[in-house]
Amino acid sequence: MLKKILIGLGIALVIIQFIRPDKNESNDLTYDLSTKYEVPDDVNHLLQVSCNDCHSNKTEYPWYANVQPVAWWLNDHVTDGKRHLNFSEFTKLPIAIQNHKFEEIMDEVEDHKMPLDSYTYLGLHKEANLSDAQRETLIHWAKLQMDVLKANYPADSLVMPKRGGPPPEK
């Protein structure tokens, strides 16, 4: 009986290798962050090694992304990351949301919530482990971008609209 179960599991593992999610490799830069904002080389490097795999339209996949069910888990991870922040489509967002995203970048990096621990477990993506100095570089850069927005847009256009509150009085 155990032998039949193991054979069945083996067959299932082979079959699922042919059911693959689409890869995140479009690399369309039409609305990329860098088309509107200055991204110095040091910041660009940090974004590439620590952020872009999950927060852009160009993921550099590790070898194990070709093995199911790991590829499904990675695909879900990347899809969720892009849902929260996608640097490749950043300038499509309303200006208030762009400003808010810079604020979120500062908060997430400062609070060590990004990059995720699951991205760097077991020595994976060692280059993504940010030092305190690298975190400060990203935080400072995001703050500068917010300052640029503040200098170029009216203050009320940088405020996120309230969700679900009462309608404005007339």
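Helices here are DSSP runs of H or I with at least four residues, and they are numbered from the N terminus. Ile11 is found in one of them, helix H1. This is a predicted model, in which local features need pLDDT of at least 70, side-chain atom pairs count only at pLDDT 80 or more, and totals for chains, interfaces and linings use all residues. Residues are numbered from 1 along each chain as its sequence is written, and side-chain values use heavy atoms, with hydrogens and water left out.

**Nonpolar surface patch**

- Ile7, Ile11, Val14, Ile15, Phe18, Ile19 and Trp72 make a nonpolar surface patch of about 730 Å².
- Patch residues have over 30% relative accessible area and no salt bridge; nonpolar side chains (Val, Leu, Ile, Met, Phe, Trp, Tyr) are joined within 5 Å, like charges within 9 Å.
- Accessible areas come from the Shrake-Rupley method with a 1.4 Å probe, and for residues only the protein chains shown count as cover.
- Helix H1 (residues 2-16) gives the most to this patch, with four residues.
- Ile11 is partly exposed, at a relative accessible area of 48%.
- The burial classes are these: buried is under 20% relative accessible area, exposed is over 50%, and partly exposed is in between (1.4 Å probe, protein chains only).

**Salt bridges**

- The structure holds four salt bridges. Each is a side-chain nitrogen of Lys or Arg within 4 Å of a carboxyl oxygen of Asp or Glu.
- Asp80 and Arg83 form one of them, with the closest N and O atoms 2.5 Å apart. These two residues are three apart in helix H4 (residues 70-84), so about one helical turn separates them. Asp80 is partly exposed at 33%, while Arg83 is exposed at 60%.
- Lys101 and Glu104 meet in another, at 3.3 Å from N to O. They also sit three residues apart, in helix H5 (residues 95-110), and about one helical turn lies between them. Lys101 is buried, with a relative accessible area of 15%. Glu104 is partly exposed at 31%.
- Glu60 pairs with Lys58, and here the closest N and O atoms are 3.9 Å apart. Glu60 is exposed at 52%, whereas Lys58 is partly exposed at 28%.

**Helix H5**

- H5 has 16 residues and should span 22 Å at 1.5 Å a residue; its end C-alpha atoms are 23 Å apart, which agrees. The expected span is 1.5 Å times one less than the number of residues.
- Its buried residues are Ile95, Ala96, Gln98, Asn99, Lys101, Phe102, Ile105, Met106 and Val109.
- Those buried residues pack against H4 and helix H7 (132-152). Contact means heavy atoms within 4.5 Å.
- Just after H5, His112 takes a positive phi of about 60°.

**Aromatic pairs**

- A pair of aromatic rings is described by the distance of the centres and the angle of the planes.
- Rings of Phe, Tyr and Trp (its six-membered ring) pair if their centres lie within 6.5 Å; planes under 30 degrees apart count as stacked, over 60 as edge-to-face, and the rest as tilted.
- By this rule there are six aromatic pairs.
- Tyr37 and Phe102 have ring centres 4.9 Å apart and planes at 75°, so this pair is edge-to-face. The pair links distant parts of the chain, 65 residues apart: Tyr37 is in the loop between H1 and helix H2 (41-50), and Phe102 is in H5. Both residues are buried.
- Phe102 also forms an edge-to-face pair with Trp141, at 5.6 Å centre to centre and 80° between the planes. Phe102 lies in H5 and Trp141 in H7, so this pair ties together parts 39 residues apart in sequence.
- The relative accessible area is 0% for Phe102 and 3% for Trp141.
- Tyr37, Phe87, Phe90, Phe102 and Trp141 form one aromatic cluster.

**Thr120**

- Thr120 lies in helix H6 (residues 117-120).
- Thr120 is buried, with a relative accessible area of 13%.
- Leaving out residues up to four places away in sequence, Thr120 touches His125, Ala128 and Asn129.
- The C-alpha atoms of Thr120 and Pro161 are separated by 35 Å, and the two residues are 41 apart along the chain.
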